[in-house]
Amino acid sequence: LTILGIETSCDETAASVVVRHPDGRGEIVADVVLSQLDEHSAYGGVVPEIAARAHVEALDTLIEEALTRSGKGLKDMDAIAATSGPGLIGGLIVGLMTGKAIAYASGKPLYAVNHLEGHALTARLTDGVEFPYLMLLVSGGHTQLVLVKGVGDYERWGTTIDDALGEAFDKTAKLLGLPYPGGPAVEKAAKSGDSKRFAFPRPLVGEARLDFSFSGLKTAVRMAAEEIAPVSEQDIADICASFQHAVARTLKERIGRGLKRFREEFPGVAEPALVVAGGVAANTVLREILTSLCAENRFRFIAPPHRLCTDNAAMIAWAGLERMAAGFDADGLDVAPRSRWPLDQNAAVALGSGK
Ligand code: ATP
Ligand code: MG
Ligand code: FE
C-alpha cells in the first residue's frame with residue numbers, strides 16, 4: 001500500500017509518500033517539511049492567519065516535490081491522507097480541502113487523520129512497536145500521556161490542565177528576553193546555570209491522577225525574575241537551569257506513576273515501551289531523565305528521530321496506512337476539519353478540554 005500524506009495543522013507545511021510493505025513494515029519514500037518559523041518568530045509565537053496563508057502558498061509545490069522525490073505519481077497512490085484536526089482551523093481547511101480535491105480528481109479514497117493519532121503511531125513506523133504501549137506527547141500545543149491500545153483505540157491517561165510544556169518553555173524564554181522558539185534557547189542557557197538556585201514549584205506532583213500543570217511554573221519564573229531585576233546573563237542561566245530541573249522532576253514523577261499503572265493493567269506485556277513525540281522531546285535533559293526512568297522500570301524508551309517527533313506528513317501518511325490496514329473505512333468528501341478533536345472521546349467529556 002502507498003499513500004500520500006498532507007499536514008497543515010500548525011506552522012509546518014508538509015507532504016510525504018509512505019509505503020506499507022506486506023510484512024507490515026513502513027517505509028518513508030519521500031518526506032518534505034517547510035517550517036514557517038521565520039514568518040512567526042518576530043511575533044514570538046504562531047500567528048494563525050499568517051500560518052494559513054503560508055500553507056496556501058506552499059502546499060501544492062510541496063506535494064509535487066514529495067511525489068517527484070518518491071518517483072511515483074498520483075496514479076500509484078492507494079489513498080490520500082490529510083490532517084483534519086486538531087489544530088489551527090485555517091491551516092486545517094487548506095490541507096483537508098487540498099486532500100479532498102486530489103482524492104476527488106484522482107478517484108482515490110481519502111483518510112481524514114487525527115494529528116495526535118499521527119504522533120501516537122509514529123513509533124510503529126520507525127521501530128515497529130507492538131500494542132499496547134504508552135506515549136508521551138510534549139509539544140507546543142499538547143502535553144499528554146496516552147495509552148495506545150490499537151489503531152483508533154486510545155485512552156488518555158493525563159493531559160495538561162493549563163499550558164502545554166512547549167508553551168511553558170516558550171513563555172519562560174519570552175519573559176527572560178530569549179529568542180523564539182523558547183525550548184532550544186532555554187536548554188542552551190541552562191547549560192551554564194545553577195539548577196539549585198531557585199526552587200520552582202512542581203504542580204500536581206504526588207497526586208494520583210496523571211495530569212500536568214505548567215502555568216504556575218511560568219508565574220514562579222516571572223516572580224523570580226522580577227525580584228532580582230535587572231537580571232544578568234548568569235541569572236538567566238540559573239533561572240533556565242532551575243526551570244528545566246523542575247520540569248524534569250515533574251515529568252519523572254508523573255510518568256513514573258504512568259509506567260506503574262501500565263504494569264498493573266498489563267502484567268502480561270513482557271517488554272513494555274514508552275514512546276515520546278513532540279518538539280520538547282528534543283530536550284537532552286528531559287530525554288536523560290526519561291531514559292533512566294525507563295531503565296529503572298524495565299521499559300523500552302523509544303524516541304523517534306527529531307524530524308519525526310515534530311510535525312511532519314510521514315506520520316499522517318502512516319496513520320492513514322494503519323487505518324487502511326486495520327480495515328477502517330475511508331472518509332467521505334464531506335468530512336469537516338475540527339480545531340478540537342481529542343483522541344480519546346471519554347477523556348474529552350471528563351475534562352472538557354479538546355487539547
Ligand atoms: P503541535 O502541538 O500542534 O503538535 P507545535 O508546532 O507547537 O505543534 P512542535 O513543532 O512539535 O509543536 O514543537 C515545538 C515546541 O517544542 C516549541 O514549544 C519549542 O519551544 C519546543 N522545543 C523545541 N526544542 C526544544 C528543546 N530542546 N527543549 C525544550 N523544548 C523544545
Ligand atoms: Mg511546529
Ligand atoms: Fe504535532
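Author: Let's start with α7: the cover over its buried residues includes α5 and α8. This is a predicted model, where local features need pLDDT of at least 70 and side-chain atom pairs count only at pLDDT 80 or more, while totals for chains, interfaces and linings use all residues. Residues are numbered from 1 along each chain as its sequence is written, and chains are lettered from A and ligands numbered from 1 in the order in which they are written.

Reader: What counts as a helix, and where does α7 run?

Author: Helices (H or I, at least four residues) and strands (E, at least two) are DSSP runs, numbered from the N terminus. Here α7 takes in residues 215-228. The expected span is 1.5 Å times one less than the number of residues.

Reader: Which residues of α7 are buried?

Author: Buried means that 20 or more other C-beta atoms lie within 10 Å of a residue's own, exposed means 12 or fewer, and partly exposed is in between, with C-beta atoms placed from the backbone. In α7 the buried ones are Leu 217, Lys 218, Ala 220, Val 221 and Ala 224. They cover an arc of only 160° around the axis (using directions from the axis to the C-beta atoms), so they sit on the same side of α7. Turned away from that side are the exposed residues Met 223, Glu 226 and Glu 227.

Reader: Let me try α9. Which of its residues are buried, and which are exposed?

Author: Leu 286, Ile 289, Leu 290, Leu 293 and Cys 294 are the buried ones. Looking down the axis of α9, you'd find them within an arc of 130°, so they line one face of the helix. Over on the other side, Thr 284, Glu 288, Ser 292, Ala 295 and Glu 296 are exposed. The cover on the buried residues includes α8 (233-265), β9 (273-277) and β10 (300-302). As for length, α9 (residues 284-296) reaches 18 Å from first C-alpha to last, close to the 18 Å expected.

Reader: What does UniProt list as "binding site"?

Author: The unreviewed UniProt entry lists His 115, His 119 and Asp 311. They're spread over 197 residues of sequence, but they cluster in space, with a largest C-alpha distance of 8.7 Å. UniProt positions use the numbering here, feature names are shortened, and annotations may be inferred rather than shown by experiment.

Reader: Which residues come nearest to ligand 1?

Author: A residue is near a molecule if its C-beta atom, placed from the backbone, lies within 6 Å of it. There are 23 residues around ligand 1, and Gly 140, Gly 141, Gly 166, Gly 183 and Gly 279 come nearest. Helices α5 (165-175) and α6 (182-190) each supply at least two residues of that shell. The largest share, four residues, is from α6.

Reader: How do I read phi and omega?

Author: Most residues other than glycine have a negative phi, and most peptide bonds are trans. Leu 204 has a positive phi of about 70° though it isn't a glycine; its place is the loop between α6 and α7. Arg 298 has a positive phi near 55°, in the loop between α9 and β10.

Reader: Where are the cis peptide bonds?

Author: One runs from Gly 85 to Pro 86, with omega near -15°. Another joins Ala 229 and Pro 230, where omega is about 0°. Pro 86 sits in the loop between β4 (79-85) and α3 (89-106), and Pro 230 in the loop between α7 and α8.

Terms used
Contact = placed C-beta atoms within 7 Å.
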